[in-house]
Amino acid sequence: MFRSMENPFAKPILVASEGEPVAPDPAIDEAALTVRGLTVAYGGSPVIFSIDMTAPQGTMTAIVGPNGAGKSTLLKGVLGLVPALSGKAAVFGAPLAAARHRIAYVPQRAGIDWDFPVRVADVVAMGLYRELGLLGRVSGQRRAKIVSALERVGMAAFADRQIGQLSGGQQQRVFLARALAQDADLILLDEPFAGVDAATEKAIVNVLRELRDAGKTVVVVHHDLTTVAEYFDRVFVINTRKIAEGSVAEAFTADALHAAYGGRLASAQLSELRAPAA
């Protein structure tokens, strides 16, 4: 069985409502996210093959790889937004259906209907859906949550603005505020820095670091290799299959990047990418 997403102005997508039971495994129980053997196909053609991935609690992980490598598909497969041919995912040791309330997802901007007539505050209120229900009223403590989330991303002054009237960077901040209001333990973001200015990128990174330092787990589909070592603790390198995974020091290596990107990166570039910015 499937149900539609709870976001009323997202483009129609189906979400799996039930997850497979996960066999007891200490490594799975202790991790925020565990993926085992995940294979996803579009139109009968596999896009990612037998992916294993682990995101430990209290870390920030970058998912990197060339265009078409399956980075976004990996997140969507984990969330059940696209059907999997095989494999399973566990969130804090539980199946997706049992742990969905602990997950916040910030999709790519291209997947949003920006013409939907909704205010910034209403978008953030969607993060409180499980508390409010479909027709619940926002008042008191919940309204304070919305204001606090917008203040953290520097968007409180835009609370009454229609979401489509904002710049790309402002829209990304609002969707991060929605995740903050939800107070999820696992935050998944798909290309949050695409099309945003440098100030917005730094602001988003600072908020994500605060979440990590508070014990939350952050997983980001990321396209800019030059900032991986500066922004993230861990990296997952993919090109339809897992290439490497681990701490930045362990997995963000010349060999891994050569395997993922082939000749698209020169050797000189590879050595520079592994050094954090001063």
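1. Strand 9 (residues 186-190) has five of its five residues buried, so the strand is largely enclosed by the rest of the structure. Buried means under 20% relative accessible area, with exposed over 50% and partly exposed in between (1.4 Å probe, protein chains only). Strands (E, at least two residues) and helices (H or I, at least four) are DSSP runs, numbered from the N terminus.

2. A note on the basis. This is a predicted model, where local features need pLDDT of at least 70, side-chain atom pairs count only at pLDDT 80 or more, and totals for chains, interfaces and linings use all residues. Residues are numbered from 1 along each chain as its sequence is written, and side-chain values use heavy atoms, with hydrogens and water left out.

3. Which way do the residues of strand 9 point? Leu186, Leu188 and Asp190 point one way, Ile187 and Leu189 the other. In a regular strand, side chains alternate between the two faces of the sheet.

4. Strand 9 pairs in the parallel sense with strand 8 (residues 103-106) over four bridges. Pairing requires at least two bridges found by DSSP between the two strands. Isoleucine 103 stands opposite leucine 186 here. Strand 10 (residues 217-221) is also a parallel partner of strand 9, over five bridges. In strand 10, valine 218 is the bridge partner of isoleucine 187.

5. Strand 9, helix 8 (residues 198-213) and strand 10 form a right-handed β-α-β unit. Right-handed means that, with the strands pointing away from the viewer, the path from the first strand over the helix to the second runs clockwise.

6. Serine 72 lies in helix 2 (residues 71-79). Its relative accessibility is 16%, so serine 72 counts as buried. Leaving aside neighbours within four places in sequence, serine 72 is in contact with Gln108, Asp190 and Val221. Contact means heavy atoms within 4.5 Å. The side chains of serine 72 and glutamine 108 make a polar contact at 2.8 Å. That term covers N or O atom pairs within 3.5 Å; within protein, one must be able to donate a hydrogen and the other to accept it, and residues adjacent in sequence count only if both atoms are side-chain atoms.

7. A separate open sheet check: four strands run in the order 4-3-6-7, with antiparallel pairing. Strand 4 (45-56) and strand 7 (94-95) stand at the edges, each with a single partner strand, so one side of each has no neighbour in the sheet.

8. For the whole protein chain, the secondary structure comes to twelve helices and twelve strands. Buried residues make up 49% of the 278 residues.
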